[in-house]
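The sequence and model are displayed below.

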Amino acid sequence: MASATRPLGSLRAFERWLLPGECLLCLQPTGGAPDDPLVCAVCRSRWRPVPDPVCGRCGQPEIPGLACRLCADWGETLSRVRSAVWLDAGPRRAVHHLKYDGWWRVAEAMADAMRRLEPLAHAQVLVPVPLARRRERERGYNQSQRLAAALARWSGGRVLAGALARTRETRSQTALTPEARRANVEGAFGARGVRGLAIVLVDDVFTTGATLLAAARALRDAGAARVDAVTFARARGPL
């Protein structure tokens with residue numbers, strides 16, 4: 001089996017050298033790297049990390065002298081959220097390609113940017129935020145599950161894809177106010193098989209935290225000992 005693997009690997013490397021891939025973001029050749037990256041190193045270098053210091057709970061950058069209002073009423077449901085980069089133009093295009101264009105392998109580049117986030121410091125149980133069944137059928141996969149799988153390969157954690165499920169359909173959160181977002185996802189999740197576990201929720205974008213909070217509440221109600229969360233990107237602007 002090993003001898004068969006080596007020629008296949010060599011053939012793949014030769015194919016990438018002969019027909020180098022194109023970066024999804026800048027449309028320039030990626031250099032013919034054997035791992036066939038979908039986002040080139042230059043575009044990744046332009047992704048702007050969320051800067052320290054941040055709120056210890058929700059991960060929003062701190063404003064000196066002001067208490068964080070975003071997570072003031074979270075209670076103990078969701079212990080900590082961390083995001084890798086700001087949702088600027090490049091990361092936004094990467095998220096769009098992952099969610100709507102079928103480029104699920106872009107999750108590898110996104111997970112690479114996430115792998116040093118604090119909640120992922122030790123081997124952990126990763127739970128992707130689930131899609132409604134209709135949306136998952138339309139896309140062919142759940143983008144958060146693809147991210148979780150890529151993160152597990154980096155961190156050595158394990159993915160519990162069936163631990164969390166949507167119990168009802170919800171509207172798209174995109175155009176909703178923060179208050180409407182919370183109402184939209186309230187009670188929209190159910191969980192099982194997590195009693196006593198420390199969970200890390202995985203999602204693509206943090207906007208107001210409404211989805212993560214509702215998902216964390218379901219996990220805690222099912223007996224999870226702790227729930228943290230990580231996202232690839234964090235939306236800018238007033239919340």
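Helices are DSSP runs of H or I with at least four residues, strands are runs of E with at least two, and both are numbered from the N terminus. On that basis the protein chain of this predicted model has 8 helices and 7 strands. Of its 239 residues, 47% are buried.

**Packing of α4 and α6**

Two packed helices are described by the angle between their axes and the distance between the axes. For helix α4 (residues 107-114) and helix α6 (residues 143-155), the angle is about 55° and the axes lie 9 Å apart.

On the α4 side, the contact is made by Ala107, Glu108, Met110, Ala111, Asp112 and Met114; on the α6 side, the partners are Arg146, Leu147, Ala150, Leu151, Arg153 and Trp154. The buried residues of α4 are Ala107, Ala109, Met110, Ala111 and Met114. Helix α6 is one of the elements that cover these buried residues, and the cover also includes α2, β1, α3 (89-100), β6 (198-206) and β7.

**Glutamine 143**

Helix α6 also contains glutamine 143. Is this residue buried or exposed? Glutamine 143 has a relative accessibility of 4%, which is under the 20% limit, and so counts as buried. Not counting residues up to four places away in sequence, glutamine 143 touches Leu98, Lys99, Leu131 and Asp204. The C-alpha atoms of glutamine 143 and lysine 99 are separated by 5.9 Å, although these residues are 44 residues apart along the chain.

**Aromatic rings**

| Arginine | Ring | Distance from ring centre |
|---|---|---|
| Arginine 115 | Tryptophan 154 | 3.9 Å |
| Arginine 146 | Tryptophan 104 | 4.2 Å |

For pairs between rings, whose centres must lie within 6.5 Å, the count comes to 1 aromatic pair. The rings of tryptophan 47 and phenylalanine 232 have centres 5.1 Å apart and planes at 75°, so this pair is edge-to-face. Tryptophan 47 belongs to the loop between α2 (41-45) and β1 (80-86), and phenylalanine 232 to strand β7 (residues 226-234), so the pair ties together parts 185 residues apart in sequence. Both tryptophan 47 and phenylalanine 232 are buried.

Note on methods
Residues numbered from 1 in each chain as written. Predicted model: local features only at pLDDT ≥ 70, side-chain atom pairs only at ≥ 80, totals over all residues. Heavy atoms only, no water. Phe/Tyr/Trp six-rings, centres within 6.5 Å; stacked < 30°, edge-to-face > 60°. Buried < 20%, exposed > 50% of the residue type's maximum accessible area, 1.4 Å probe, protein only. Lys NZ or Arg CZ within 6 Å of the ring centre and 35° of its normal. Axes fitted to C-alpha atoms, helices over the stretch in contact; angles between N-to-C directions. Contact = heavy atoms within 4.5 Å.
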